[in-house]
Amino acid sequence: MTYNPLSVYKAELDQSDFVRISRFIGQNYGIKLPDHKRIMLQGRLINRLIKLNFESFKKYTDYVFSDEGKVVELQNMIDVISTNKTDFFREHLHFDFLRNKVLPEFVEKGQSRNLNIWSAACSSGEEVYSLAIVAEDFFGDKAGLDYSILGTDISTRMLEKAKTAIYPANAISAISMETKKKYFLKSKDTKASNVRIKQELRSKTTFLWQNLMENDYAINQTFEIIFCRNVLIYFSKQDQMHVINNLSQKLKSGGYLFLGHSESISHLNLPLISVSQTVFQKQ
Ligand SMILES: C[S@@+](CC[C@H](N)C(=O)[O-])C[C@H]1O[C@@H](n2cnc3c(N)ncnc32)[C@H](O)[C@@H]1O
């Protein structure tokens, strides 16, 4: 059969293929895809069909779940299915709480020289670098104290962007001129109008692929601060509990867990108490 690109554009993701994909994504990555998201999913996957020359979603779905497809295509599917919206200093109250309460408390306690922060579900890195800016401003003049930030996500495309640390200049329009000068480099190509995070901050960060739904995380450290924001909103109550339980085990005693402003935890038998808007401290 000769390939006709027009037939691809008319291709439709039928209910049975939608269910195969949505069940797999829900069970393995937590992301809920209820029936009303079928057309959205179809729209997100169509470019994969075009790229791979599949004329139907059925063929694409068979391929992605084949032995070869799981190795070659599954990650691309995750990359297009995940919702990666993020911003510098998103939900800024959390950064104020960090600056005014968490960081001074860490210095007062004096238990450790290095503050470990984890941005779980970091998308393209804006959250990681916002954390780095606050930490650098705070620790910059404090000899002997340091910090490191781990960013993790299931989207390799976003992790690559995060590592590169290049953003359009308008992504930082709300940031003060002083902070821009201190921590961002302007692109030499004036037409490109991009900015890059300075090496001084990049050197404090590490990025890893980590699926929060797994039972055992490939992260062998505990943290004073975990940000897990605007990801659990896509999960079922049961999966939210599973992830929060895992994260709680990765928090040091006295450490803080930050969830997104529209996310909350209740009726959980965990040593986490609410200390500010969607901020929890481990007892
Ligand atoms: C909307 S972004 C939130 C980014 C950032 N935390 C913020 O609040 O701006 C959600 C991110 O969660 C990631 N994600 C979704 N399911 C995940 C999972 N099971 N494990 C790890 N990350 C996941 C997505 O790839 C996406 O980049």
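This is a predicted model: local features need pLDDT of at least 70, side-chain atom pairs count only at pLDDT 80 or more; totals for chains, interfaces and linings use all residues.

Reply: V231 sits in the loop between strand 7 (223-228) and helix 12 (237-250), and its C-alpha atom is separated by 9.1 Å from that of N84, although the two residues are 147 positions apart along the chain.

Me: What makes E200 count as buried or exposed?

Reply: E200 has 12 C-beta neighbours inside 10 Å, and a residue is called exposed if that number is 12 or fewer, so E200 counts as exposed. This residue is found in helix 11 (residues 199-202). The C-alpha atoms of E200 and V107, which are 93 residues apart along the chain, are separated by 21 Å.

Me: Why is F89 called partly exposed?

Reply: For F89 there are 19 other C-beta atoms within 10 Å, whereas the label buried asks for 20 or more and the label exposed for 12 or fewer, so F89 falls in between and is partly exposed. F89 has its place in the loop between helix 6 and helix 7 (93-109).

Me: What can be said about the phi angles of F89 and S123?

Reply: Most residues other than glycine have a negative phi. Against that background, F89 has a positive phi near 50° and is not a glycine, and S123, likewise not a glycine, has a positive phi of about 50°. S123 lies in the loop between strand 1 (114-120) and helix 8 (126-139), and because 25 other C-beta atoms lie within 10 Å, S123 is buried.

Me: How do you know that the ligand lies between the domains?

Reply: The domain assignment gives domain 1 (5-81) and domain 2 (93-282), and since both of them give residues to the shell around the ligand, the ligand lies between them. The shell holds 24 residues, and the closest are S82, T86, A121, S123 and N230. By residue class, the shell divides into 9 nonpolar, 10 polar and 5 charged.

Me: What shows that the two domains touch each other?

Reply: Their centres, taken over C-alpha atoms, are separated by 31 Å, yet 8 residues of domain 1 are in contact with 12 residues of domain 2, where contact asks for C-beta atoms within 7 Å. On the side of domain 1 that touches domain 2, helix 2 (15-29) and helix 6 (74-81) each supply at least two residues, and helix 6 gives the largest share, with 3 residues. That side of domain 1 divides into 3 nonpolar, 3 polar and 2 charged residues.

Me: How do you know that the radius of gyration agrees with a compact globule?

Reply: A compact globule with 283 residues would have a radius of gyration near 19 Å, and the protein chain has 21 Å, which agrees. The C-alpha trace spans about 70 × 55 × 30 Å along its principal axes, and 33% of the 283 residues count as buried.

Me: What makes strand 5 a paired strand?

Reply: Two strands pair if there are at least two bridges between them, and strand 5 meets this with strand 3 (residues 166-168), over 3 antiparallel bridges, and also with strand 4 (residues 184-186), again in the antiparallel sense over 3 bridges. I166 stands opposite R196 in strand 5, and K186 stands opposite V195.

Me: Which residues form the covered face of strand 5, and which the uncovered one?

Reply: In a regular strand the side chains alternate between the two faces of the sheet. In strand 5 (residues 194-197), V195 and I197 make up the covered face, while N194 and R196 make up the uncovered one.

Key
Residues are numbered from 1 along each chain as its sequence is written. A residue is near a molecule or strand if its C-beta atom, placed from the backbone, lies within 6 Å of it. Ala, Val, Leu, Ile, Met, Phe, Trp, Tyr, Cys and Pro count as nonpolar, Asp, Glu, Lys and Arg as charged, and the others, Gly among them, as polar. Domain bounds come from an automatic or database domain assignment. The radius of gyration is taken over C-alpha atoms; the globule rule is 2.2 Å times the number of residues to the power 0.38. Helices (H or I, at least four residues) and strands (E, at least two) are DSSP runs, numbered from the N terminus.
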